[in-house]
Amino acid sequence: MIPYILRRLVNLIPTFFLATLLAWIVIDLAPGDFASQFAINPLDPNAEARIRASLGLDQPMLVRYLYWLRNVITDFDFGFSLTSRNNVTNLILPRMENSLRLLLPATIITYLIAIPIGIYSALNKYSFGDRVLTVLSLFGLAIPNFFLALIFVAFSVQFFQQNGFFLIPTGGMTSQNYSQLSPGGQFLDSLWHLIAPMIVVALSSLAFITRIMRGEMLEVLGQDYIRTARAKGLARRSINYKHALRNAILVIVATLGGLLPGLIGGAGTVEYVMRWPGLTPLFLSSVFAQDVYVLMAILTILVVLLMIGNLLSDLALALIDPRIRY
Amino acid sequence: MADTVPVVPSGGAEPTDARVVRSESLSTIAWKQFRKHPMARVSLTVLGVLYLLAAFADFVAPYPERYIDPGATFQPPNRVRFWDEGRFVRPFFYPREQALDFETLETTWTEDRDNPVPLQFFARREGVRDRYFPFPVNLIPAQLRQTLGMRPWATLHLFGSSDPEVPFYLWGSDDLGGDVFGKILFGGRISLSVGIIAAVVAVFLGLLFGGLAGYFGGWVDEVIMRFVEALSAIPDLFLLFTLSAIFYPLNLPASTVFMLVVVVLAMIGWGGVARTVRGQVLSLRERDFAYAARSLGASNARIIRRHMLPHTLSFVIVYMSLTIPSFIITESVLSFFGLGIQPPSTSWGLMLSTAQNFVGVTGLGDRWWIFLPGLFIFIAVLTWNLLGDGLRDAFDPRSRQ
């Protein structure tokens with residue numbers, strides 16, 4: 001096991017360098033840079049060149065990449081934001097926390113609902129309940145996250161206009177009077193603001209995971225060893241949950257690794273529409289401002305998360321599935 | 001039934017004469033399987049209608065693509081009426097009038113009941129700006145049409161207001177006074193075609209590089225697969241945003257932006273195809289027919305083209321039909337964020353960004369019609385998914401009935 005893990009870890013290193021270099025090149029391909037916005041300055045015609053030189057943006061692309069890489073590796077220093085002159089790490093960590101605060105409960109809820117529904121649908125294949133759930137999940141797959149979020153906001157605003165208060169808020173993380181609330185009140189207030197985005201994020205991946213679970217469960221239930229178990233006269237319960245579910249759940253474990261970065265992206269549109277100050281809104285505004293170091297820091301974090309996530313889910317799979325050799 | 005030859009089961013076919021064993025081509029089997037899927041067939045019809053509407057958008061929409069009327073922003077839909085004082089008459093509508101409420105400072109729209117305006121079918125709009133290129137001609141890129149010196153000539157519209165002074169908005173107007181119904185049709189051109197073209201490009205790149213990697217192995221394989229791995233290590237949405245940032249500030253012509261969006265979508269899609277195709281080619285390479293072809297002196301290119309790629313056909317068809325809907329959503333996300341299609345062109349995602357800009361001001365009730373493009377994304381994605389399910393069952397031997 002240990003040599004396998006080490007081999008996998010060593011394999012990650014070239015991928016990391018290549019992925020960050022690729023990201024750097026793509027960001028650099030965009031026309032102009034951060035300094036371009038100072039091009040038209042009647043007071044100081046040299047402003048653009050001066051700012052570009054002072055930020056080191058006049059260096060060749062590869063040189064800048066190597067400088068950046070050296071700082072990241074030796075000092076864990078991701079540079080500073082060109083727009084806010086803030087340390088990128090300080091800028092990103094709270095955003096990351098906000099994103100996770102939305103994602104973790106949403107993900108847990110999704111799995112708690114999706115897995116039982118998937119199992120139910122598979123065990124009662126083509127029943128009325130299964131058909132209804134299948135139609136619903138097809139609908140769920142066809143609605144883009146951001147549109148679902150938009151509909152939520154629209155209903156919420158409509159309710160506010162008619163009644164003068166919010167049923168569930170759909171903008172931001174806290175109320176305006178947040179700082180005046182007691183600690184308990186603050187906790188309840190942030191929980192209240194979490195409801196709407198959490199529901200949308202959970203709904204958006206619910207359909208997908210339900211379908212995977214149902215399909216995988218059906219696949220396993222069609223296997224010969226299940227028929228053998230039935231022929232032996234084992235209890236249906238024991239067949240379903242001991243023989244079938246244990247194998248069907250493997251796929252869910254395999255998808256877990258890529259989940260977090262995928263979810264950060266998937267929830268990103270919801271964050272944008274519902275003004276949740278997570279990573280994606282920061283990424284978007286940095287794209288528009290060409291804030292290289294913020295972009296690179298977010299991309300690097302996500303790349304590392306994805307690589308480690310995939311590794312962990314492979315390891316988990318190897319641990320629980322004795323058929324996998326490494 | 002004593003002297004019958006055993007019949008090889010051939011995809012649900014029922015040979016009239018049991019002694020004649022007919023082999024069926026892949027397409028015949030697939031079509032027979034596909035026809036058993038009622039939802040897939042319904043979806044095919046719905047998609048056909050959507051694509052026809054997009055193709056003939058100039059004719060079906062009452063106004064040209066870039067028509068705006070700053071005097072009629074957010075006008076509610078004009079209701080088409082058939083009954084006038086209990087009598088059935090030809091379709092007409094009441095003009096909408098806006099009035100400013102000086103207490104609440106809200107504009108309210110009322111119907112002018114005294115002046116009914118009849119709807120005109122096969123109406124002509126003769127103005128220079130109203131002329132358009134009818135369907136097959138409008139597929140020619142705008143630049144090419146200009147160099148050829150072509151001028152739009154068609155003036156016929158399916159329906160429209162009979163009074164040029166009174167606007168008719170079937171599904172209301174947007175923030176610029178554009179016709180939402182027409183914009184949905186024109187936007188459908190981009191939203192519906194971007195997915196198909198991007199999927200074709202992604203499959204082409206995936207087949208090319210996956211085929212090369214799998215067939216030649218060695219350092220070619222190493223280089224290509226390392227690149228694919230690095231590309232897939234960056235989460236899709238963020239890669240998309242970064243890629244789009246390359247072109248969105250450039251003020252490029254609409255057709256160029258369209259092609260760039262296609263390329264960006266294909267960039268995130270081809271890696272997965274390459275990986276699967278490589279795996280398939282790796283196993284096909286060792287099969288007897290590949291050795292036979294090689295020993296008969298076939299060139300590498302011929303072996304790849306004639307013996308490897310046809311085996312990936314089923315995968316490619318199924319992959320495309322399930323990727324197109326996801327690309328439709330991705331395009332709408334990009335345009336929604338202002339990183340995809342740029343105005344004055346329009347797409348469903350871009351239209352929804354209007355809804356995003358105004359949703360904080362107004363609830364669903366006041367301006368519900370600006371959310372309609374979302375309904376069309378939903379229908380297009382749903383029907384493509386159902387069609388894809390049908391195709392998968394048709395081409396996947398394991399799920400044949």
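Mentor: Gladly. Let us start with a cut-off: a residue is called buried if its relative accessible area is under 20%. Please keep in mind that this is a predicted model.

Trainee: Why is Ser335(B) called buried?

Mentor: Ser335(B) has a relative accessibility of 1%, and buried means under 20%, so Ser335(B) counts as buried. The residue belongs to helix H11 of chain B, which covers residues 313–336.

Trainee: What is Ser335(B) in contact with, leaving aside its neighbours within four places in sequence?

Mentor: Ser335(B) touches Gly340(B), Ile341(B), Ser347(B), Gly349(B) and Leu350(B). Contact here requires heavy atoms within 4.5 Å.

Trainee: How do you know that strands E2 and E5 of chain B pair?

Mentor: Two strands pair if at least two bridges are found between them. Strand E2 (residues 87–93) and strand E5 (residues 117–124) of chain B have two bridges, in the antiparallel sense. With two bridges against a cut-off of at least two, they therefore count as a pair. In this pairing, Phe93(B) stands opposite Val117(B) of E5(B).

Trainee: What makes E5(B) and E6(B) a pair?

Mentor: Five bridges join E5(B) to strand E6 (residues 156–161) of chain B, again in the antiparallel sense. The cut-off is at least two, so E5(B) and E6(B) pair as well. Phe121(B) is found opposite Phe159(B) of E6(B).

Trainee: Which domains is chain B divided into?

Mentor: Domain 1 takes in 42–57 + 182–399, and domain 2 takes in 78–168. Taken over C-alpha atoms, the centres of these two domains of chain B lie 35 Å apart.

Trainee: Let us turn to chain A. Why is the span of helix H9 of chain A called close to the expected one?

Mentor: The expected span is 1.5 Å times one less than the number of residues. H9(A), residues 236–256, has 21 residues, and the expected value is 30 Å. From first C-alpha to last, H9(A) reaches 29 Å, which is close to that value.

Trainee: Where does H9(A) bend?

Mentor: The bend is at Leu245(A), by about 45°. That angle is taken between axes fitted to the seven residues ending there and the seven starting there.

Trainee: Which residues of H9(A) are buried, and what covers them?

Mentor: The buried residues include Ile239(A), Asn240(A), Ala244(A), Leu245(A) and Ala248(A). Among the elements covering the buried residues of H9(A) are helices H4 (88–123), H7 (183–221), H8 (224–231) and H12 (292–320) of chain A. In general, an α-helix has 3.6 residues a turn, so residues three or four places apart point the same way.

Trainee: How many helices and strands does each chain have?

Mentor: Chain A has 12 helices and zero strands, while chain B has 13 helices and six strands. Buried residues account for 44% of the 326 residues in chain A and for 47% of the 401 residues in chain B.

Trainee: How many residues of the two chains are in contact, and what area is buried between them?

Mentor: 48 residues of chain B are in contact with 47 residues of chain A. About 4200 Å² is buried between the chains, with carbon and sulfur atoms giving 78% of that area. On the side of chain B, Phe238(B), Phe337(B) and Gln356(B) lose the most area to chain A, together 16% of what that side buries.

Conventions: Residues are numbered from 1 along each chain as its sequence is written. Chains are lettered from A and ligands numbered from 1 in the order in which they are written. This is a predicted model: local features need pLDDT of at least 70, side-chain atom pairs count only at pLDDT 80 or more; totals for chains, interfaces and linings use all residues. Side-chain values use heavy atoms; hydrogens and water are left out. Domain bounds come from an automatic or database domain assignment. Helices (H or I, at least four residues) and strands (E, at least two) are DSSP runs, numbered from the N terminus. Buried means under 20% relative accessible area, exposed over 50%, partly exposed in between (1.4 Å probe, protein chains only). Buried area is the accessible area (1.4 Å probe) that two parts lose on being put together, summed over both.
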